[in-house]
There are 2 protein chains.
Amino acid sequence: MPLSNRLPVIVQGLGPMGLRVLAGAIAAPALAVVGAVDCDQRIAGRTLGSLIPGAGPTVVARDLPTAAANAPPGTVVLQGIGSFLAQVAPAIEEAVDLGLSVVSTCEELAWPFARHPALSEALDARARAAGVTVVGTGVNPGFLMDRLVVTLRAAVHAVRAIRVERVQDPRPRRVPFQRKVGMGLSREEWDAAAARPGFGHAGLEESARIVAAGFGWDIPRFEETLEPFQADPAGPVLGVVQEVRGETADGRRLSLHFAAHSGVSASYDRIAIDGMPPITMRFEGGVFGDDATVSAVLAAAQVMPHTRRGLVTVLDLPLR
Amino acid sequence: MPLSNRLPVIVQGLGPMGLRVLAGAIAAPALAVVGAVDCDQRIAGRTLGSLIPGAGPTVVARDLPTAAANAPPGTVVLQGIGSFLAQVAPAIEEAVDLGLSVVSTCEELAWPFARHPALSEALDARARAAGVTVVGTGVNPGFLMDRLVVTLRAAVHAVRAIRVERVQDPRPRRVPFQRKVGMGLSREEWDAAAARPGFGHAGLEESARIVAAGFGWDIPRFEETLEPFQADPAGPVLGVVQEVRGETADGRRLSLHFAAHSGVSASYDRIAIDGMPPITMRFEGGVFGDDATVSAVLAAAQVMPHTRRGLVTVLDLPLR
């Protein structure tokens, strides 16, 4: 694609995931990286080429206004700076006020309306006023356990129950991911870690709410459990098992099961829908989350020009 | 959902598939069946309740203008009357001129632009002028081998090759489907049948073009093969094996493999994408096409009010 037809993007937050997003965006024929931002003193001021071989002379800015100073109209910011909306909202607001659309990997932003109704409404109004779009997505939440499930409505109707499972071995994942599931901790350490915010997989309830909204199911209450996984009760914790369950008043059931522990013999993702016809879909070997989150962010960025303005969700993203 | 909020639909064409669509639409909480049409003298004039227990006193009309005489604004026609666009275009035009949106199971309509460019342009202009939407979809073409593949862009980037397989045992399917694949014919009979239009699975090249468009791949030429499947060269033909292949100028490869024969030990659907990360998705036991086509039609109908006007494809359908 000629450079002038490419969608301009700025990558903000150059941690392990941000660097993967940056590399993916540089390689994507439909995107042009016009800037990068990180507040870390060790990264700001360096060239992209010093972070990713061949990435060129663009200098990483310390803040978004600097990076966006010469950004063309329609530029999209790819933000990977935190899981919790209260923590990342100022950065989203800053981007919106600069006239930039935002694709954020913030897990709570995938479906912010339940946990943060007032903030969601304010963000939506702000984005509409600025004529930009804000969406939260990685591959999970954002695709594997939610949008993909809703997509399957084209293959199954008269649905009575939905079961989604993401079971993975954390050992090939990034160290921060392994820490988030408490891999290798003693049971006491795990219990202490699990009591702190940010532990475990963030976004499972968000995924459940996306599925419910996509199927038009009114589920008054979701129950979530988070448990340690130990192969041997006296041994170390190998990771987590989380589940979210909900039911409509007329008995249609939704459950999402997330497991990430080193006792997993083979990673997989699975969606089973009890309807007409009954269907069971499975990703053999699972979907490697770090690379797939890059895919989700890049795919969302590419459709931002064709998405409605305001605070939207992955259910609002067109296919192209 | 209160009746007044339901989307009004008319079901046109009450063959084996049309009756399934009718039953599905009657049961769908978001839809209200306001009419039905069939030109067959044995069906027109009968009540829906005489065709489907409990379906009520609505009388099947002989033609669409009669069925649509009192249809509310926004009514969508669910048409299942043929695989070839030249054959069904008059019925689509009639619906459009009556101000009705159309969801058609016509396989060629899934991606009509290559085989029928002039007709596509005329249909698009006509639908836009009438302020309605026309889309072609069943589950295949329309979902399993095309739209679903494009949806997976949210999980994989830097794609080098895409392989889609739909392998099914025709024995549980409708008899017309078994005939279309030549199950049980002698090799001579099969060869004669395969030489006639309408033999085999229609829409495989359409699916390939949808995938290519969804990935933004420019594939100059598609090659299609259609072969009989025989377990024993002296015995009967058990069905068909079809394949469509294409490649971009820079070597990215797309292949769609469709097999339907009674030598299949277990039906399955499979999508393998070579990219970052590599992914392989599989439907265990396959997706039962007759029921799933009903799902595809009902799901498309439900989003018609939120889809742009004109002749569109499944790539243009929103998720809700």
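1. Start at Ala36(B). Setting aside neighbours within four places in sequence, Ala36(B) is in contact with Ile10(B), Val11(B), Leu14(B), Leu22(B), Leu48(B), Thr58(B), Val60(B), Ala61(B) and Ala67(B). Contact means that the C-beta atoms of two residues, placed from the backbone, lie within 7 Å.

2. A word on provenance. This is a predicted model, in which local features need pLDDT of at least 70, side-chain atom pairs count only at pLDDT 80 or more, and totals for chains, interfaces and linings use all residues. Residues are numbered from 1 along each chain as its sequence is written, while chains are lettered from A and ligands numbered from 1 in the order in which they are written.

3. The core. The largest nonpolar core holds 197 residues. Such a core is a set of buried Ala, Val, Leu, Ile, Met, Phe, Trp, Tyr and Cys residues joined through C-beta atoms within 7 Å. Ala36(A), Ala155(A), Ala301(A), Ala36(B), Ala155(B) and Ala301(B) touch the most other members. Helix 10 (residues 289-303) of chain B gives the largest share of this core, 9 residues. As background, nonpolar side chains tend to be buried together in soluble globular proteins.

4. The sheet in chain B. Six strands form an open sheet: the count is 6, the order 2-1-3-4-5-12, the pairing parallel. Strands pair if DSSP finds at least two bridges between them. Helices (H or I, at least four residues) and strands (E, at least two) are DSSP runs, numbered from the N terminus. Strand 2 (31-37) and strand 12 (310-312) of chain B are the edges, each pairing on one side only. On average, neighbouring strands of this sheet are turned by 20° against each other, direction ignored. Axes here are lines fitted to C-alpha atoms, for helices over the stretch in contact; angles run from 0 to 180 degrees between N-to-C directions.

5. Strand 5 (residues 133-136) and strand 12 of chain B run parallel and are joined by 3 bridges. Val135(B) stands opposite Val312(B) in strand 12 of chain B. Helix 5 (residues 117-130) of chain B packs on the sheet and touches strand 5 and strand 12 of chain B. The direction of helix 5 makes about 125° with that of strand 12 of chain B.

6. The sheet in chain A. Here too there is an open sheet of 6 strands, ordered 2-1-3-4-5-12 with parallel pairing. Its edge strands are strand 2 (31-37) and strand 12 (310-312) of chain A. Strand 3 (residues 76-79) and strand 4 of chain A pair in the parallel sense over 4 bridges. Val76(A) stands opposite Ser101(A), and Gln79(A) stands opposite Ser104(A).

7. Strand 4 (residues 101-104) of chain A: covered on which faces? Both. Ser101(A) and Val103(A) are buried on one side, Val102(A) and Ser104(A) on the other. A residue is buried if 20 or more other C-beta atoms lie within 10 Å of its own, exposed if 12 or fewer, and partly exposed in between; the C-beta atoms are placed from the backbone.

8. Two residues of chain A. Leu48(A) lies in helix 2 (residues 48-51) of chain A. Leu48(A) counts as buried because it has 23 C-beta neighbours inside 10 Å. Beyond four places in sequence, its contacts are Leu22(A), Ala36(A), Ala55(A), Gly56(A), Thr58(A) and Val60(A). Gly275(A) is found in strand 10 (residues 268-276) of chain A. Gly275(A) counts as buried because it has 20 C-beta neighbours inside 10 Å.

9. Domains of chain A. The assignment gives domain 1 (3-138 + 292-316) and domain 2 (147-286). Such bounds come from an automatic or database domain assignment. The C-alpha centres of the two domains lie 26 Å apart. Contact involves 10 residues of domain 1 and 12 residues of domain 2.

10. Between the chains. The contact takes 41 residues from chain A and 41 residues from chain B. Helix 10 of chain A supplies the largest share of the chain A side, 7 residues. That side divides into 27 nonpolar, 8 polar and 6 charged residues. Ala, Val, Leu, Ile, Met, Phe, Trp, Tyr, Cys and Pro count as nonpolar, Asp, Glu, Lys and Arg as charged, and the others, Gly among them, as polar. Strand 11 of chain A and strand 11 (residues 279-284) of chain B pair in the antiparallel sense over 3 bridges. Met281(A) stands opposite Phe283(B).
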